[in-house]
Amino acid sequence: MARVEVKQLLEAGVHFGHLTRKWNPNMAPYIYMERNGIHVINLYKTVAKLDETNEALKKIAASGRKILFVATKKQAKDIVAEKAANVNMPYITERWPGGMLTNFVTIRKAVKKMASIDRMKKDGTFLTLSKKERLQVDRLRAKLEKNLGSISEMTRLPGALFIVDTMREHIAVKEAQKLNIPIFAMVDTNCDPRDVDYLIPSNDDASKSIDIIMTEVTNAVAEGLAERKAEKGDSEGKSDKKDKGAKKKAVADKPAPTPEKVDTKPAPVVDKVPNVEVNVKATKEAVANDTKAEADDLTKVEGIGPKAAEALVAAGIATYEDLSNGDAEKIKEILTEASSRMAHLDPTSWPKQAKMAAEGKWDELKEWQDNVKGGVE
């Protein structure tokens, strides 16, 4: 993926912040200067944070989890809807439904209601209703489509949230924090960056600024999805090769006819076993690299984000089996030592989820995650 340049961001007006009197002091590290009563954002830091965000979103997309895009302000609606639809990700561009995440089961019922109305129209049941009832059902269907149509394919809680303007979408931020869902956001000079896990300091009011940031972000998501598709293709190819290899082996394992005479020759005698020098340091590095390569994708466990997964791998918990044998209190200590921002995470159910993942019970794990909010029983 081509890295966005500072010049492109400058032309799009990404550097314009809010009035100095409306600023949030926590945004001070990302502010370059003040001019004519307006703060100017440091675009070099924007580029660095954008790269970091893209890398994390790419990993989440590659793991198969959905990323929910949220933007209800007028200038961001159409852009976010278009970009999110291009990568087949859910989005909210109308009103944020209260309890969208914390009361997800009820929201799913509303989506199922929409599907049931569609079935009624297909099987002819809809035509048996009176004219007044048909009008009421049509209005209900239109209302549900407007508010929830874009999330109709989201059958479980998203793996992450991408928000444009955290001040406006503060309810979405609170719900995601409650369920330990990673938050990615475009953060202007009037917002609090402490509420966000991955921030992109940028102008969240100009349509050009939103467009360029959303383009970069969705490109990263598309890359992650392409990687996942390639991995699936490779695994299917390997399984086909194994089947062919097994057939060949079965043919090769047929016993050969016993010859009448067998020539026996004495085995060669080796006078002395040569001394072989072993490079201990190189061997240790090779073993460490093998361990890193064999690490499982811990973000598939509900409640574990990319940063939490990195902290666990660094502490030696790299596979589902390691996590299933882990102690919740010890995991909590590891996360708190890695970063104080992860102290709120509740790892009580992580070993249970990891055990299901280690045993390959993915359907059972998915069902459990759908029924439990944010991985907290």
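**Sheets, helices and a salt bridge**

Colleague: Which order do the three strands of the open sheet take, and what is the pairing?
Modeller: The three strands of this open sheet are arranged β1-β3-β2, and their pairing is antiparallel; strands here are DSSP runs of E with at least two residues, helices are runs of H or I with at least four, both numbered from the N terminus, and two strands pair if DSSP finds at least two bridges between them. This is a predicted model, in which local features need pLDDT of at least 70, side-chain atom pairs count only at pLDDT 80 or more, and totals for chains, interfaces and linings use all residues. Residues are numbered from 1 along each chain as its sequence is written, and side-chain values use heavy atoms, with hydrogens and water left out.

Colleague: Which strands stand at the edges there?
Modeller: Those are β1 (16-19) and β2 (31-35), and each has a single partner strand, so one side of each is left without a neighbour in the sheet.

Colleague: And how many bridges join β1 to β3?
Modeller: Two bridges join β1 to β3 (residues 38-41), the two strands running antiparallel, and the bridge partner of L19 in β3 is I38.

Colleague: What about the open sheet of five strands, which order does that have?
Modeller: That sheet has the order β5-β4-β6-β7-β8 with parallel pairing, and its edge strands, β5 (91-92) and β8, each pair on one side only. Helix α2 (residues 43-62) packs on this sheet, where it touches β4, β6, β7 (183-187) and β8, contact meaning heavy atoms within 4.5 Å.

Colleague: Switching to helices, how do α4 and α5 cross?
Modeller: The axes of α4 (residues 104-123) and α5 (residues 131-148) come within 10 Å and cross at roughly 135 degrees, where axes are lines fitted to C-alpha atoms, for helices over the stretch in contact, and angles run from 0 to 180 degrees between N-to-C directions. That makes α4 oblique to α5, since angles under 35 degrees count as roughly parallel, over 145 as roughly antiparallel, 65 to 115 as roughly perpendicular and the rest as oblique.

Colleague: Which residues meet?
Modeller: Among them are I107, A110 and V111 in α4, and V137, L140 and L144 in α5.

Colleague: Last topic, how many salt bridges are there in the whole structure?
Modeller: A search finds 16, a salt bridge being a side-chain nitrogen of Lys or Arg within 4 Å of a carboxyl oxygen of Asp or Glu.
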